[in-house]
Amino acid sequence: MQLVESGGGLVQAGGSLRLSCAASGSTFKIEHMGWYRQAPGKQRELIAAITKGGGTTNYADSVQGRFTISRDNSKNTMYLQMNNLKPEDTAVYYCNALDWGSWYEYPYWGQGTQVTVSS
């Protein structure tokens, strides 16, 4: 499966962005998926996850209540709506498939999309 992230950009604190993750191949519908981010000098972290059917989601405390993960399996696309952005949200954002529970990350990494939040 190949993944392409888009939708990043420069936004002021308090603003919003919507990221998209387009997947190629026929396996997207059977994969649990997640959004990750990596800030400069920090390790990549899982911030939001969604089950293959979209019925269950999970968020890191740092984004809970501000970010919403969703997916449209008919379009092979996953989304991350980011509201009330903060400077500490600045990072490269990636999407990937994962194993629910163990949070094992599959080797499908894309190029990521840069999000920069100015104060």
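This is a predicted model: local features need pLDDT of at least 70, side-chain atom pairs count only at pLDDT 80 or more; totals for chains, interfaces and linings use all residues.
**The disulfide**

In general, a disulfide is a covalent bond between the sulfur atoms of two cysteines. Here the partners are cysteine 21 and cysteine 95, with their sulfur atoms 2.1 Å apart. Cysteine 21 belongs to strand β3 (residues 17-24) and cysteine 95 to strand β9, so the bond ties together parts that lie 74 residues apart in sequence. If you look along the S-S bond of cysteine 21 and cysteine 95, the torsion is about 75°, so this disulfide is right-handed.

Are the two cysteines buried or exposed? Buried means under 20% relative accessible area. Cysteine 21 counts as buried because its relative accessibility is 0%, and cysteine 95 counts as buried because its value is 0% too.

**Strand β10 and its partners**

Now follow strand β9 (residues 91-98) to its pairing with β10, which is antiparallel and has three bridges. On the other hand, strand β2 (residues 9-12) runs parallel to β10 and is joined to it by four bridges. The table shows one residue pair from each pairing.

| Strand paired with β10 | Residue in that strand | Partner in β10 |
|---|---|---|
| β9 (residues 91-98) | valine 92 | glutamine 114 |

Strand β10 itself spans residues 113-118 and has two faces. Thr113, Val115 and Val117 make up the covered face, while Gln114, Thr116 and Ser118 make up the uncovered one. Both β10 residues in the table, glutamine 114 and serine 118, belong to that uncovered face.

Key. Residues are numbered from 1 along each chain as its sequence is written. Side-chain values use heavy atoms; hydrogens and water are left out. Buried means under 20% relative accessible area, exposed over 50%, partly exposed in between (1.4 Å probe, protein chains only). Two strands pair if DSSP finds at least two bridges between them. A disulfide is a pair of cysteine sulfur atoms within 2.5 Å.
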